[in-house]
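Please have the structure open while reading.

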Amino acid sequence: MKGIVLAGGSGTRLHPITQAVSKQLLPVFDKPMIYYPISVLMLAGIREILIISTPADLPNFGKLLGDGEQLGLSFSYAVQPSPNGLAEAFVIGADFVGDDDVALVLGDNIFYGQGFRGRLREAVDTLDGCVLFGYPVKDPERYGVGEVDEAGKLVSIEEKPERPRSNKAITGLYFYDNQVVEIARGLKPSPRGELEITDVNLAYLRQDRARLVDLGRGFAWLDTGTHDSLLEAGQFVQVLEHRTGVRIACLEEIALRMGFIDADQCYALGSKLAKSGYGDYVMNVAQTAGATGG
């Protein structure tokens, strides 16, 4: 399976702070926002990742992430000239996806919860069609909403319904088989001129090949699209990291834990950031795992 991070858009709800920089490059406490969705793909075992962003912002993502080799990954980059919908990611990334399955994660979504890695791996290993991830919210009318029956089977998907049939918002993380490229290419723009991800999901639902995983209690799903939600996400990460001593979405640590790099490689990455607490943390993790510190 390959992965796509969609980090486009103009971030107008965060103006003026996004007038000169991509929203996904803003800090969420101690790391750039895009680290969080990349970490989700890594936890799913995905090592080939396409970053899609605007022509103006894409060079900055390249400067931050490079080719990914230092993390045992492979980053590719592609341009989305204008925000024409989430499903356009599969049209833009068709050559990158090739014949593989693909996961799409939105660049401003943050996921955290115990056992998340196991759920991701199960979704990858058992994929037949598409897997969506639902999260209970108090205002489902603001989201795409998934309804499941008593047996837990997904029976309907509605985009921002006036009268939601459930409180399960469909989050910004989607797993698809290779048919998604063909489906996306066949979509017609919605009234707002976009290729809608909900139309992709409905295509799979009509085939009876869409499944909704309920993240539910014990999980946190945050987006960072407004000034308040950006601040709240930073505070959430700060509290968790200070209380537990563990850093969320530390790409170097995840690469080490997943076996993408070894302890000495991890230590070397931390030493380049040694003047920050983040760098010290990476070096400590590496030493605990057996790095020689040389």
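Does tyrosine 176 count as buried or exposed, and at what relative accessibility? In this predicted model, tyrosine 176 has a relative accessibility of 0% and therefore counts as buried. Tyrosine 174 also counts as buried, because its relative accessibility is 4% and the cut-off for a buried residue is under 20%.

**Aromatic pairs**

The structure holds nine aromatic pairs, and two of these are set out in the table below.

| Pair | Centre to centre | Angle between planes | Arrangement |
|---|---|---|---|
| Phenylalanine 116 and phenylalanine 219 | 5.5 Å | 75° | edge-to-face |
| Tyrosine 174 and tyrosine 176 | 6.2 Å | 10° | stacked |

The pair of phenylalanine 116 and phenylalanine 219 links distant parts of the chain, since phenylalanine 116 belongs to helix α5 (residues 116-125) and phenylalanine 219 to strand β13 (residues 219-223), 103 residues apart. Both phenylalanine 116 and phenylalanine 219 are buried. Tyrosine 174 and tyrosine 176, for their part, belong to a cluster in which ring pairs link them with Phe90 and Tyr204. Another ring, that of phenylalanine 96, has lysine 2 lying over its face, at 5.3 Å from the ring centre.

In soluble globular proteins, nonpolar side chains tend to be buried together. The largest nonpolar core here comprises 57 residues, of which Ile34, Ile38, Ile49, Ile51, Phe133, Leu173 and Phe175 touch the most other members. Helix α11 (residues 277-288) gives the most to this core, contributing six residues.

Which residues does isoleucine 38 contact, once its neighbours within four places in sequence are left aside? Isoleucine 38 is then in contact with Val5, Ile49, Ile51, Leu65, Phe75 and Leu251.

**A hairpin**

Strand β9 (residues 144-148) and strand β10 (residues 154-159) run antiparallel and are joined by five bridges. Glutamate 147 has serine 156, in β10, as its bridge partner. The two strands, β9 and β10, form a hairpin with five residues between them, and in the turn glycine 152 has a positive phi of about 85°.

Methods. Residues numbered from 1 in each chain as written. Predicted model: local features only at pLDDT ≥ 70, side-chain atom pairs only at ≥ 80, totals over all residues. Heavy atoms only, no water. Core = buried A, V, L, I, M, F, W, Y, C linked by side-chain atoms within 4.5 Å. Buried < 20%, exposed > 50% of the residue type's maximum accessible area, 1.4 Å probe, protein only. Helix = DSSP H or I, 4+ residues; strand = E, 2+ residues; numbered from the N terminus. Contact = heavy atoms within 4.5 Å. Pairing = 2+ DSSP bridges. Phe/Tyr/Trp six-rings, centres within 6.5 Å; stacked < 30°, edge-to-face > 60°. Lys NZ or Arg CZ within 6 Å of the ring centre and 35° of its normal.
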